[in-house]
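Let's take a walk through a protein model together. Have the sequence and the 3D view open, and go slowly.

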Amino acid sequence: MSGPILDAKFDPSNRYFASVVVSLDTHQIQVQSVSPSQSSLNASFKLDKSNKVTSISWIDTGSAVSLFIAVCLVKGTILIYSPQTNDIVGELTTGLSKNVAALAFHYSAVTSTGWSSDVDGNIYEWDVISYKLLQQFKVGDVIESVDAINQISSCIYHQEPHLLLGANSIYLWNLKNRSVERTFPGHIQPVSSITNIIAQDLFITSAKGDRFINLYSLDKTTTRAIFVASASVVSLSCGTNSSGKSVLAAINENGQVEVFNGFLSEATQPPTLPSSKKKRKQMSAVSRPAMGTLKISRSENEIKSPQDANIFINAVAVAEDNLLFTWLENATISHFDTLRWVDEVGNYMIDGSKTIFKSKADLKSVSAAQSYGHDAAAAKLYNESHAVVADGTHVRNLDRESGDEKDGGEENEGEMEESMAEKLEKLAVKQKSNPQRKSKLEDNRNGISLSVILSQSLTNNDQTLLETVLQNNDPQTIKNTITRLNPYMSVILLEKLSEKIQRQASRFDQLNYWIQWILVIHGLTIASLPNLNSKLFALHSVLARKADTLPRLLELKGRLNLLYDATSLKKMAGDGENDAAGEVDEEGAVEYIEDLDDARFNGEIEDVEVDLDEEGVDDYVDSDDDDDEEEEEEIGIEESDDDDDDDDDDDDNSVDNHSNIEID
């Protein structure tokens, strides 16, 4: 389904239409009459926040007074809703301690009871009058590979009541023996719909995210025919008229109806192939695409967005010689129309692509507007597309000059309007007296808010106005805009941003701030919405691709840091060697030591000529401590007395540190 609609179905007589829509954070059931000439029925019932709907199903016991709707909930219970009284008249509870989501409900005219299934594969039979549980069993006890039953239908096989249980395959379940009579394979995805054709013991199935529609016979496990749609099938309907003509209508994920004319002729006329090739080519011989396509569009002068060129069809039903379909106006009101699929002679009328042009509906409440003015509960009497949006900074009309001021006069001085300077002066005084108002004004000056313009662009799907807002790169303005934006509109904005990033990956840096503040400010509200995975799947894929490159970038950053540190260490080592070499050159080859000069003057030591190597450098510089002692003995330096040990130690250190000494 498109937009806020979760599930929608016509009743078996095609007189009423029921749908489940998302209203803020709650689910709402809406039922209305298809034809205005019928008894008017327009009921709306809002569920509690804890009740989330998985699917709805009509309960038609043959009486218009006892027409009910079974509402399957995520928490495992099934509510019985009465459109006539607009109230919940019953509740089906399994008594399980844990909450197991109910997936499907089917009222069987064969057994005159109701059947439901849950995600654990349990099947329950209910009395629709007393709302009591009659029996229950689990399909997984017989078939180990079955976890959940998504769809249930009933039929008569060999003059006994049977159930058709849809998982990935379809199982013909014998109620008497509680066993599987037949298994009909053919779908990889879970089955989403099972439609019986009782007169010919046939049934049609479709699956979620699958383009193929299979036609089966209860007597054979192989498919009698395969119909291929151009996109994944969302819902389908089939029927025959009084002359025996048949039609199959399927709504695809693009909101278009694909029509298969004479689909039952594929079952009554099997392909004539040789026996050796019959089994191998049977499936490919009977599969065929749709013969016609039906879509709704606005007129050329009213198309302002891609959605106007392809309005989503929410439900379709075959009513005699007509196709009954519905769509939404203003995203809330369902409209209906019919189209003949066969003429009086019996020729099929829908062949090829057919477009129905629908102008925007006039939703004015004429009686209320003319009699009592505009009613707040009625439709809006103005067109928002003609509204001029301003940011509040236009001060052209604030400095109007009074005509009396130009004429002058003492009598009119008290009636003169205040000048702009006086108004600003008063405003400054008020700001000083009210610090809270002053802080608010300062916050507004730091960044404006575009929440009003953004909300209008998202509501009207105005891409041009949305691009104008997204061009703003000021962080404070983006923060103020997202703060004042409706939390439930932020989900739509996230979808728009993901689409723009997918079309143009270079805009990710620009739109990154919008995504960041949406998740920071409205993250808790977004996480509480239903069907979040399907709504934000596109954004998740974009962010996942971006996140996949993070490990490689971190690895590259680590390598660059390692190279930078190694280069810095080498540079520091080179600077240290240059500094050491410079110190030796600056100190020179000769240094005067006073103690040695005194010892030589007193005759305690003799002049010794220091041997130099070929390069003119004293060998004593590179010698170790042991070599120093031997060299001192050869030179004839006598150790001083014991009383001067401390001084001699200092002398030794001086000699060690300054060895380039030449003594004459």
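Start with a pair of charged side chains: Lys358 forms a salt bridge with Asp337, and their closest N and O atoms are 2.4 Å apart. A salt bridge here means a side-chain nitrogen of Lys or Arg within 4 Å of a carboxyl oxygen of Asp or Glu. Lys358 sits in the loop between β29 (352-357) and α4 (366-372), while Asp337 is in strand β28, so this pair ties together parts 21 residues apart in sequence. Labels like these come from DSSP runs (helices are H or I, at least four residues; strands are E, at least two), numbered from the N terminus.

Before going on, a word about what you're looking at. This is a predicted model, in which local features need pLDDT of at least 70 and side-chain atom pairs count only at pLDDT 80 or more, while totals for chains, interfaces and linings use all residues. Residues are numbered from 1 along each chain as its sequence is written, and side-chain values use heavy atoms, with hydrogens and water left out.

The structure holds six salt bridges. Another one joins Arg340 and Asp321 (3.7 Å, N to O). Arg340 belongs to strand β28 (residues 333-340), and Asp321 lies in the loop between β26 (313-319) and β27 (322-329), 19 residues away. Then there's Asp7 with Lys9, at 2.9 Å from N to O. Is Asp7 buried or exposed? At 11% relative accessibility, Asp7 counts as buried, whereas Lys9 is partly exposed at 32%. The cut-offs are under 20% relative accessible area for buried, over 50% for exposed, and partly exposed in between (1.4 Å probe, protein chains only).

Now for a sheet. Four strands line up in the order β5-β6-β7-β8, forming an open sheet with antiparallel pairing; strands pair if DSSP finds at least two bridges between them. β5 (53-60) and β8 (87-92) are at the edges with a single partner strand each, so one side of each has no neighbour in the sheet. Inside it, β6 (residues 67-73) and β7 (residues 78-82) pair over four bridges, and Ala70 has Ile80 in β7 as its bridge partner.

Finally, look for the largest nonpolar core, which has 27 residues, with Leu454, Trp514 and Ile518 among those with the most contacts inside it. Such a core is a set of buried Ala, Val, Leu, Ile, Met, Phe, Trp, Tyr and Cys residues joined through side-chain atoms within 4.5 Å. Helix α12 (508-527) is one of the elements giving two or more residues to this core, and α12 gives the most, with seven.
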